[in-house]
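This report describes selected features of the structure shown below. It is written for a reader who has not seen the structure before.

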Amino acid sequence: MYEALSALGSVVLDPYLLFLIFATTIIGIVIGVLPGLGATTGAALLLPFTLTMDPVHAIAVLATIYVSATFAGSITAILINTPGTSAAAATTFDGFPLAQRGEAGRALGIAVIASTFGGIVSVIVLCFAAPLLARVAYEFRPPEYFALTIFGLSMLASISSGGAVKNLIGGVFGVWLSTIGAERVTAIERFMFGNYELYEGLSFVPVMIGLFAMSELLVQSKMANQAVEYIKMKAVQLPSREDYKKIWKTVLRSSGIGTFIGILPAEGATVASMIGYSEAKRWSKNKEEFGKGSIEGIAGAESANNAATGGAMVPTMVLGIPGSGTTAIILVGLMVHGLRPGPYLFNEQVTAVYQIFGSMFVANVMFLLMGLYAAKIFARISLVPAAILWPIVFALSVIGAYALNSSMLDIWIVLIFGVIGFLARRFGFAVAPIAVGLILGKMVEVNLQNSLKIFNGEWWQIFTQPLAVLFLVLAFLGLCGPQLFRLATRGSFEAKDGKSD
Amino acid sequence: MIKQQIVPIVLTIVSVVIIYLALQLDLSPPMIVGDSMQPRAFPIFLMALNLLLTAILAYQIFKTPPKKPEPMNRVTWLSMVLMVLFYGLTVSTDMFIAIAVVMFLLSLAWGERRLLIAAANAVLTPFLIFLLFDNVLRIRFPRGILMNWYYG
């Protein structure tokens, strides 16, 4: 705890880092309010700009984008009924109706306070949970890591829209992409087609930029001339004492839910906000208000989605398993800057880790201030014409992709994966599983190879390791649990029907 | 029926092609591989898994046919064509010329009618990004008409 506090102190006393967090919070909010440009796209676009930064500063920038853009999605969700990020989709259910009633300022005030509280709670949990989990993970050997990555991949089934099967296909495709290049042990070239720039494998950054930014450009192109209904407001209103009385339990509950869901590998802010919202409704005494402008609904969704940001950093930093699309990019950022994600990070770079956590804490405070005093200005930015905004995204994508390795191939990878991502989304596949699969792919193969070596080629020996079995059982339950539950309940319903007959 | 199953068909073809390519990979001597697996084994396993998942997807589509996706609109097609144009211009002229031209045409394709605004955006944005990357990040950009002139 002392380390956490001293790291927080070092963040506050580092004027350059504070300036970076301040500037990135503004950029993050701008990205969050622009429909289509979420935290993931924003982080992918900004990653190349962090290349010359100190590792802590670079990851602090990405983490700040994550928390501020996740919050900012609520501004457009409330004012124009268009969630700036998918995590703010649940905020539209009550935020926009409340704004239509002339209480946009109040709705935004609730969203800002709930988001900040959720974000800060999750950072505190992160400071406690991450080192504990790291201590456990420190004992993991290749079989446990192999089983853990399988568990992480199995969680892809529910990572985002698209059905479970489609998400898994995306994940497997992503893992296959990680096999491109020279094989680690034998140096045999796989799927390189004579291109030696692929010798060390596909570079993560251009694939991410292609999948998230370029494909989003093509998706947005069909909404190029859409008009939006914009609700004007005077100023953001802080919640009244009555409002606080009404929402404090919801905020606490949703912060807990969001943090927990964030910690689960491959679950992110979108799932958290939906569950936060539905739980707020379930426990509310005023259920009839939901969908018509309930402040509990706004608070439930907003505290949960921002709480998920801190939670999602736990598996990312401790296990090297990203908790969402954005944390997948943060994970890439860690690798690009030479920080080895995993439990060793807490031994080798403990100060850096706590400085990153401290930066997230400061970012939450910064967006509170900006949300309260400048939300009105940020809301106007959402009205930037798509015909101006998306060409800028195009330029940032191609130049940013080139900057990482000074390679033209990376630009073509952005374009190719932009089209692949667009086609995938068109046919109902989410792109996040492809990205996560690509990142976890190497881990799966390397740990499987090492496990086989440990067990002299007898793969079934993996099942003799208790922790590995636990992760594999969890993976099985994650994949087949819902179907088994449905089958079991169908059986009981049929039995009941039979009795009534 | 075939139209509905287009996604599983494409996925099956891709998986089979990858398995075929994997089978063409060299075998490593047992002395190097040891108790581990051949480099071709993992991709083949992945694609076998993909075929299984694709079969489940085909069954799901058969049981509950999905909604037909809306035809792609003109702007989306144009945006894709502009990406190809970007490739051609980058290879034949200069990356920054390509970016400026594509940004300008993209703005027009997306409905921007103020030519001056579109042109200013197309010129100023890449210029500012270039300044940032060249001066702050010290990135050297690929040579072309403009870069040859700039770098000398």
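The model is predicted. In it, 48 residues of chain A are in contact with 53 residues of chain B. On the side of chain A that touches chain B, at least two residues come from each of these helices: α7 (164-177), α8 (204-220), α15 (386-405), α16 (408-426) and α17 (432-454). The largest share of that side, 12 residues, is supplied by α15(A).

Chain B has two parts in its domain assignment, domain 1 (6-63) and domain 2 (74-151). Taken over C-alpha atoms, the centres of domain 1 of chain B and domain 2 of chain B are separated by 39 Å.

Within chain A, helix α2 (residues 15-33) packs against helix α14 (residues 350-381) at an angle of about 45°, and the two axes are 9 Å apart. Because of that angle, α2(A) is oblique to α14(A). The crossing in which α2(A) passes α14(A) is right-handed. On α2(A), the residues making the contact include A:Leu17, A:Ile21, A:Phe22 and A:Thr25. On α14(A), A:Ser359, A:Val362, A:Met366 and A:Phe378 are among them.

The table gives the residue classes for the two contacts described above.

Technical notes:
Residues are numbered from 1 along each chain as its sequence is written. Chains are lettered from A and ligands numbered from 1 in the order in which they are written. This is a predicted model: local features need pLDDT of at least 70, side-chain atom pairs count only at pLDDT 80 or more; totals for chains, interfaces and linings use all residues. Two residues are in contact if their C-beta atoms, placed from the backbone, lie within 7 Å. Helices (H or I, at least four residues) and strands (E, at least two) are DSSP runs, numbered from the N terminus. Domain bounds come from an automatic or database domain assignment. Axes are lines fitted to C-alpha atoms, for helices over the stretch in contact, and angles run from 0 to 180 degrees between N-to-C directions. Angles under 35 degrees count as roughly parallel, over 145 as roughly antiparallel, 65 to 115 as roughly perpendicular and the rest as oblique. A crossing is left-handed if the near helix is turned anticlockwise from the far one by less than a right angle, and right-handed if clockwise.
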